[in-house]
Amino acid sequence: MTYLAKPKLHHPSLTKNAVGYTRRDYEGKVSTLCAGCGHDSVSSAIVQACWQLDIQPHRIAKLSGIGCSSKTPDYFLGASHGFNTVHGRMPSVLTGAYLANRDLLYLGISGDGDSASIGLGQFAHAMRRGVRMGYIVENNGVYGLTKGQFSATADKGSVAKKGATNNDTAIDLAALALQLGATFVARSFSGDKAQLVPLIEGAMRHGGAAFIDVISPCVAFNNHAGSTRSYDHVREHNEALNRIDFIDLAAEQVVEHSPDVVDVPQADGSTLRLRKVAPDYDPTDRLGAMNAMQRFAAGGEIATGLLYVDPTAHDWHAAQRTASAPLNTLGEKDLCPGSAALAKINAGLR
Ligand SMILES: Cc1ncc(C[n+]2csc(CCOP(=O)(O)OP(=O)(O)O)c2C)c(N)n1
Ligand code: SF4
Ligand SMILES: [Mg+2]
């Protein structure tokens, strides 16, 4: 029934958030993805996170590449800015938008084909530059849109629906993001909304490049026995390192403490609260995170949760010392230094 439009009018008694919007105001069009696709659960988690964060929808810009995953921004945040780029080019287009307007909150949506295959270079540079964005890869190990070829994140030895075995080594985007200098790196599962929603909230409020690798099964091409991205496989091999709650200190008055809870202050004054499942896991230790991920992978496990966070992260604008206001708000006075200043610059170059 995807040809049916969602009703425009909302029930008057729907709960509103602190900025006066209902959860429905953060939704998009009816999804055209296959029933049961993990990507739809990620869209729903994004809707939930943005509503809970009390962000006005017009303050968000969502950008994506090409793929079933990259189609999803049509299915959430219908009142936000959006741009569907060329395959694998979301990071550079987002970087340009972010440089032009630093007042928006950026959400990059991509797939494993989009980011680990054709767009790997783009992914790398966005992470190392610290472009401030929530970068979500909906990782199903295949090119879903083009009928299920292995992507570069498919595990070595995993078997395709038609029987072919993948002989190539998998790229672990979360491990790569860590190595490249991303200051917020997490992994989750589309089927675990309780874990995913606070991770998205944390990524949206983070002060630098925030990457979340979401294992998101493709029910059409990669949900069979032998696949390492199927619902059954991920449920059996998922090892949560911590469970996080996102707390906005501006709204939260009473903070309840327990020995299992660690609060990590964020650049914007909010707090990520880590509820540790693994008592010795320290998400602020980059080397320790790399070690833990390799250890889990060697044992056939997928480490999920907040893998690494640098609460003091700065974004690319801070590093480049760019104008503090969006470019379209600058007037002639801000942009033109005047002929005396120009003559001085020219004299310095002679
Ligand atoms: C330049 C270019 N090359 C190839 C394609 C064909 N193509 C479209 S989507 C896609 C792969 C998408 O895979 P992924 O990013 O994992 O998304 P999924 O569909 O699995 O969510 C490919 C190869 C394209 N659209 N553009
Ligand atoms: S082909 Fe796979 S990834 Fe694409 S919508 Fe269907 S289940 Fe989702
Ligand atoms: Mg894919």
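## Salt bridges in this model

A salt bridge is counted here when a side-chain nitrogen of Lys or Arg lies within 4 Å of a carboxyl oxygen of Asp or Glu. In this predicted model, the structure holds seven salt bridges, and the side chains of K6 and E27 form one of them, with 3.1 Å from N to O.

## K6, E27 and their network

Although K6 and E27 both belong to the segment before α1 (38-52), the pair links distant parts of the chain, because the two are 21 residues apart. K6 has a relative accessibility of 31%, and therefore counts as partly exposed. Through salt bridges that share partners, K6 and E27 are joined with R23 and R24 into one network.

## D74 and K29

A further salt bridge brings D74 together with K29, whose closest N and O atoms are 3.6 Å apart. Here the loop between α2 (68-71) and β2 (81-84), which carries D74, is linked to the segment before α1, which carries K29, and the two residues are 45 residues apart. D74 is partly exposed at a relative accessible area of 36%, whereas K29, at 52%, is exposed.

## R187 and D172

The side chains of R187 and D172 also meet in a salt bridge, with 3.0 Å from N to O. R187 sits in strand β7 (residues 184-189), while D172 lies 15 residues apart from it in the loop between β6 (149-150) and α6 (173-180).

Methods: Residues are numbered from 1 along each chain as its sequence is written. Chains are lettered from A and ligands numbered from 1 in the order in which they are written. This is a predicted model: local features need pLDDT of at least 70, side-chain atom pairs count only at pLDDT 80 or more; totals for chains, interfaces and linings use all residues. Side-chain values use heavy atoms; hydrogens and water are left out. Helices (H or I, at least four residues) and strands (E, at least two) are DSSP runs, numbered from the N terminus. Buried means under 20% relative accessible area, exposed over 50%, partly exposed in between (1.4 Å probe, protein chains only).
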